[in-house]
Amino acid sequence: MRRNFNLLAWECMLFALFMLALQSCSSSFNKSKSNTCRAFSANTSGARDEYLILVNSENPLDKDYVPSDLTDIKSTRADGREIQKMRKASADALESMIEEMKRLGVYDENLTVTSGYRSFEYQKYLFDTYVKNRTDSGMDYDEAYREVSKTTALPGCSEHQSGLCVDFHNKSYANVSFAKTEQYKWIEKNAHSFGFIVRYPSGKENITGISFEPWHLRYVGEENATKMYENSLCLEEYLATL
Ligand SMILES: [Zn+2]
């Protein structure tokens, strides 16, 4: 009986969270038509844990927020791009994970970071460029804006500004086909042991507001990542349980 009650309470909480997420997703487009998030209320105080900050369309970072402990990522793809950076703890954890993959023979030499920390200005440049590419090809501005919004966060709303995430894959560009690789299958099952989660998992799109991104790993620390992995919770769901 007690067990049934707990299950019912859990289901009610998930349903309420789902409805809230639906509401925020459906309204975010109209709210943020100015190519920036609706407000820049920094959410970096680390009330619960400095590695558990939530960055999304409803929880933007301040445009001036720059993590103080950004570190070079050794495994940045060597294709002419600048060395990517992330916060120290997450960069160290990533290197440990890569070492373990090498030790186990799962590593692929093309498996590298293609994007780490992004400044507010750089995210704005990316968003505006993607919109312009489409309007230059004849697409209506509103449609271009809507299309880009599906895959690219508005400046301030990108988790990349937190310095706690990376795009990590072995494809020429970030692509869902990475999910079919041996490397991703290993990451999906083991990244939590190094403090990482697949931040935008398949099946949670209505909660995260973002399509499945097998390449986007977020550092939350080993304990938090393991709890999320074991209970199949995305970050929004996990934070609601704390
Ligand atoms: Zn990413």
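Predicted model: local features only at pLDDT ≥ 70, side-chain atom pairs only at ≥ 80, totals over all residues.
Reader: Thanks. Where is the place of S232?
Author: S232 sits in the loop between α7 and α8, the latter being residues 235-241. Its phi is near 50 degrees, a positive value in a residue other than glycine.

Reader: Let's zoom out. How many helices and strands does the protein have?
Author: There are eight helices and six strands. Starting at the N terminus, the elements run α-β-β-α-β-α-α-β-α-β-α-β-α-α.

Reader: And what is the mean pLDDT?
Author: The mean pLDDT is 85, and 80% of the residues reach 70 or more. Over residues 17-47, though, the pLDDT is below 50. That stretch still has 49 contacts in the model beyond near neighbours in sequence.

Reader: Good to know. What share of the contacts comes from residues 24 or more positions apart?
Author: Such pairs account for 67% of the contacts with a separation of 6 or more. As for burial, 34% of the 242 residues are buried.

Reader: On to the sheet. What is the strand order in the open sheet of four strands?
Author: The order is β3-β4-β6-β5, with antiparallel pairing. β3 (112-115) and β5 stand at the edges with a single partner strand each, so one side of each has no neighbour in the sheet. From one strand to the next, the twist averages 45 degrees.

Reader: How many bridges do β3 and β4 pair over?
Author: Three, in the antiparallel sense.

Reader: Which residues of β4 are on each side?
Author: C165, D167 and H169 are on one side, with V166 and F168 on the other. In a regular strand the side chains alternate between the two faces of the sheet. In β4 both faces are covered, and five of its five residues are buried.

Reader: What is V166 in contact with, leaving aside its neighbours within four places in sequence?
Author: V166 is in contact with M86, L94, V113, S115, G116 and L217.

Reader: Speaking of α2, where is the place of A91, and is A91 buried or exposed?
Author: A91 is in helix α2, residues 88-104. A91 is buried, because 25 other C-beta atoms lie within 10 Å, and 20 or more is the cut-off for that.

Reader: Last one: which residues is A91 in contact with?
Author: Leaving aside neighbours within four places in sequence, A91 is in contact with T71, I73 and M86. As for G116, which is 25 residues apart from A91 along the chain, the two C-alpha atoms are separated by 9.6 Å.

Terms used: Residues numbered from 1 in each chain as written. Helix = DSSP H or I, 4+ residues; strand = E, 2+ residues; numbered from the N terminus. Buried ≥ 20, exposed ≤ 12 C-beta atoms within 10 Å, placed from the backbone. Contact = placed C-beta atoms within 7 Å. pLDDT = per-residue confidence, 0-100. Pairing = 2+ DSSP bridges. Axes fitted to C-alpha atoms, helices over the stretch in contact; angles between N-to-C directions.
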